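Here are a few friendly notes to read alongside the model.

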Amino acid sequence: MSMFARTPLDQHNRRIEWLVKTLFLMMTVLLIIPVALIMSILIYRGAPALSLEFLTQVPTNGMTAGGIMTALVGTIWIVTVALIASVPIGVAAAVYLSEYAPDNWLTRAINLAIINLAGVPSIVHALFGLGAFVVFFGFGRSILAASLTLAVMTLPVVIVSTRESLQAVPHAFREACWNMGATRWQTIWRVVLPNSISGILTGVILEVSRTAGETAPIMFTGAAAFLPFLPQGVLDQTMAMSLHLYVVATQVPNVPEALPFGVALVLISMVLVMNAMSIAFRVYLRNKRKW
Amino acid sequence: MVEASPKLSVRDLTVRYGDKTALDAVSLDVLTNEILGIIGPANSGKTSFLRALNRMEEFDPNMTVQGDIFFEGQNITAIRNVYALRRKVGVVFPLPVGLPMSVYDNVAFAPRLAGIRKRAELDVIVERCLTRAALWDEVKDRLDALGSLLSGGQQQRLTIARALSQNPELLLLDEFSIAVDPVTTMRIEDVLKELKHEITIVLVTNLVQQARRLADRTAFFLQSELVEIAETEELFTGTVQDQRTRDYVEGRFG
């Protein structure tokens with residue numbers, strides 16, 4: 001008998017190995033199925049509604065005809081303003097928590113608060129935004145109020161993902177800089193941030209996706225079911241893709257069957273295009289810097 | 001040997017991590033332009049000693065330092081501008097740290113922090129430091145390669161070049177040869193012998209023979225305490241008083 005012949009124990013281990021691998025492969029495939037189904041149904045049923053006019057015309061005939069231009073532009077407004085508000089605050093807070101904050105009860109309380117903030121249902125954020133931005137700050141129902149509500153809601157995502165990507169930069173790099181007499185900020189600016197930018201962008205991608213798709217927080221604070229014109233500034237109300245989808249899918253009679261699917265398809269495509277751009281940018285950055 | 005003044009006077013230095021004492025009331029002097037070797041088994045407090053010299057307790061909330069350290073007579077625990085202290089002290093650790101930027105930028109990092117912007121001036125510093133660290137010939141054609149992708153031995157010499165780029169008066173080396181091949185180690189040792197004419201060097205090493213080759217004086221640490229400090233030859237040739245030192249340098253434990 002060869003010295004490398006399989007013992008019964010080897011046989012047993014081999015069988016388990018195969019079982020685990022197959023089982024986990026099946027789980028992974030299961031994960032892809034809903035995504036693939038959603039995309040194929042949307043494309044199959046929504047594609048007939050798509051056309052250049054669909055993207056460039058305002059809704060007409062009680063929203064049963066025409067395009068979605070006002071909603072599309074409105075969503076871009078809301079997402080952009082929300083990003084402008086939340087990214088600087090989120091990144092600054094994450095840098096503070098990761099690079100400056102001492103490990104004491106206050107820091108731990110803040111971390112706990114951030115995790116809890118992430119768990120607050122979006123309808124509660126909507127009511128908070130209504131009270132705080134629409135009424136108390138007097139922004140009225142507007143892009144500004146809607147975007148700030150979304151910014152508050154997505155801040156935990158930005159903070160947590162930014163902090164994690166900062167923490168992924170080896171501590172030895174920081175000590176090497178400090179030992180050369182660099183201040184914390186010089187170290188952050190020259191070494192930590194350049195090497196965590198791809199992770200920070202991942203958080204921003206997640207935020208864009210979530211911001212573009214949220215409905216409840218904006219319907220109380222600035223998104224209108226129907227407006228025949230585009231917003232002229234951040235204090236105007238606007239239509240938005242997510243709310244428009246909700247309205248044409250449930251609130252308006254006699255909508256052509258393909259229309260809601262078309263709206264959903266455009267919304268998902270918007271998010272996917274933004275994600276793809278950010279991923280391309282991340283890959284570019286990652287190839288530039290390595291350790 | 002010329003009668004030298006102390007570059008560094010350490011008095012009753014105690015270092016703790018949490019409630020664990022890593023270094024217990026150590027007092028010693030480091031003389032100007034000498035290489036002071038520090039030997040001792042693992043966990044004897046050698047690294048903690050070095051860390052305290054650059055006030056690295058500020059990087060580690062768990063680490064507390066008591067006692068006094070005088071740098072040319074000035075108590076460093078009282079220096080407000082800790083950045084100026086760290087610019088005067090170069091540090092090299094066991095595992096090389098090539099920062100994730102080009103070789104050039106690695107060495108130009110500290111000069112840039114010091115406000116040097118002119119490319120020509122930086123070029124001179126980069127070439128001089130890399131040459132002194134015995135790395136110039138290997139990297140002169142790829143100064144824009146990533147420092148973090150050099151081999152271990154090259155990264156360690158890059159780390160030394162970086163430590164030299166800040167024009168330190170004191171160079172702290174902590175077991176620098178762990179990740180370095182023997183040939184490179186010998187080259188770095190030659191570099192250190194040259195450097196000591198300008199810089200005071202504290203060399204922590206787990207290689208007893210390395211201390212013997214390089215150090216003017218050698219200190220032996222054991223279980224968080226300084227057992228003794230003496231001229232290196234005295235310590236190694238048996239005129240020492242302490243039996244524990246003799247056992248250690250002769251390889252009977254450690």
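What percentage of the 254 residues of chain B count as buried?

1. The answer is 46% of the 254 residues of chain B. Please keep in mind throughout that this is a predicted model.

2. On the fold of chain B, you will find 10 helices and 10 strands. Chain B has a radius of gyration of 18 Å, close to the 18 Å that the globule rule gives for 254 residues, so chain B is as compact as a globular protein of that length. Its C-alpha trace spans about 55 × 40 × 40 Å along the principal axes.

3. Contacts within chain B are also worth a look. Among those with a separation of 6 or more, 67% join residues 24 or more positions apart.

4. Turning to the interface, 19 residues of chain B are in contact with 18 residues of chain A. On the side of chain B that touches chain A, α2 (82–88) and α3 (103–113) of chain B each supply at least two residues. The largest share, 4 residues, comes from α2(B). By class, this side of chain B has 13 nonpolar, 3 polar and 3 charged residues.

5. For chain A, the domain assignment gives domain 1 (8–49) and domain 2 (52–288). The centres of these two domains of chain A, taken over C-alpha atoms, are 30 Å apart. Their contact takes 6 residues from domain 1 of chain A and 8 residues from domain 2 of chain A. On the domain 1 side of that contact in chain A, the residues divide into 4 nonpolar, 1 polar and 1 charged.

Methods:
Residues are numbered from 1 along each chain as its sequence is written. Chains are lettered from A and ligands numbered from 1 in the order in which they are written. This is a predicted model: local features need pLDDT of at least 70, side-chain atom pairs count only at pLDDT 80 or more; totals for chains, interfaces and linings use all residues. Domain bounds come from an automatic or database domain assignment. Two residues are in contact if their C-beta atoms, placed from the backbone, lie within 7 Å. Ala, Val, Leu, Ile, Met, Phe, Trp, Tyr, Cys and Pro count as nonpolar, Asp, Glu, Lys and Arg as charged, and the others, Gly among them, as polar. The radius of gyration is taken over C-alpha atoms; the globule rule is 2.2 Å times the number of residues to the power 0.38. A residue is buried if 20 or more other C-beta atoms lie within 10 Å of its own, exposed if 12 or fewer, and partly exposed in between; C-beta atoms are placed from the backbone.
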